[in-house]
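Visitor: Could you take me through this model, one question at a time?

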Amino acid sequence: ESKNQLLILGGNSSMMFGGYLKDIWLCNVADKEMKWEKLKDLTMPHKMFYFGYVRLSDERYGNKVITFGGKTSSGLINEIWILDLDEWTWTKSTQKTPKKGMFYAVKTQYNDVH
């Protein structure tokens with residue numbers, strides 16, 4: 001169940017040499033061993049890091065992670081991608097962030113900032 005899972009998306013293995021990653025890792029925290037598993041059949045839409053994200057889980061929108069903005073080897077982007085956590089598929093949004101950038105934050109209806 002996704003409530004008991006940690007999800008790591010993308011990242012960077014070398015700030016100096018631009019080691020941008022497409023990896024997605026999953027850990028079941030309910031399991032006493034808490035082993036990380038690299039997802040083999042699913043990667044990030046781009047090798048990227050410094051992107052913002054928010055997780056949604058409700059009846060209206062389903063179980064999703066939405067990423068926005070960030071940095072790739074080509075530079076800053078303004079794309080929005082939606083990961084369906086039930087189907088494990090990515091969809092590119094037709095909407096874009098207001099500008100290309102890093103470190104986007106989201107404020108939820110409960111005043112949480114991500």
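**Aromatic rings and an aspartate**

Guide: Y20 is buried, at a relative accessible area of 16%, where buried means under 20%, exposed over 50% and partly exposed in between, with a 1.4 Å probe and protein chains only. This is a predicted model, in which local features need pLDDT of at least 70 and side-chain atom pairs count only at pLDDT 80 or more, while totals for chains, interfaces and linings use all residues. Residues are numbered from 1 along each chain as its sequence is written, and side-chain values use heavy atoms, with hydrogens and water left out.

Visitor: How many aromatic pairs does a search of the whole structure find?

Guide: Rings of Phe, Tyr and Trp (its six-membered ring) pair if their centres lie within 6.5 Å, and planes under 30 degrees apart count as stacked, over 60 as edge-to-face and the rest as tilted. By that rule the search of the whole structure gives a total of two.

Visitor: What is the angle between the planes of Y20 and F49?

Guide: The rings of Y20 and F49 lie 5.1 Å apart, centre to centre. The pair links distant parts of the chain, 29 residues apart. It is tilted, with an angle between the planes of 35 degrees.

Visitor: Is F49 buried or exposed?

Guide: F49 also forms a tilted aromatic pair with Y50, at 4.1 Å centre to centre. With a relative accessibility of 7%, F49 counts as buried.

Visitor: Which backbone nitrogen does the side chain of D84 reach?

Guide: D84 is itself buried, with a relative accessible area of 16%. At 2.9 Å, its side chain reaches the backbone nitrogen of E87.

Conventions: A polar contact is a pair of N or O atoms within 3.5 Å; within protein, one must be able to donate a hydrogen and the other to accept it, and residues adjacent in sequence count only if both atoms are side-chain atoms. Helices (H or I, at least four residues) and strands (E, at least two) are DSSP runs, numbered from the N terminus.
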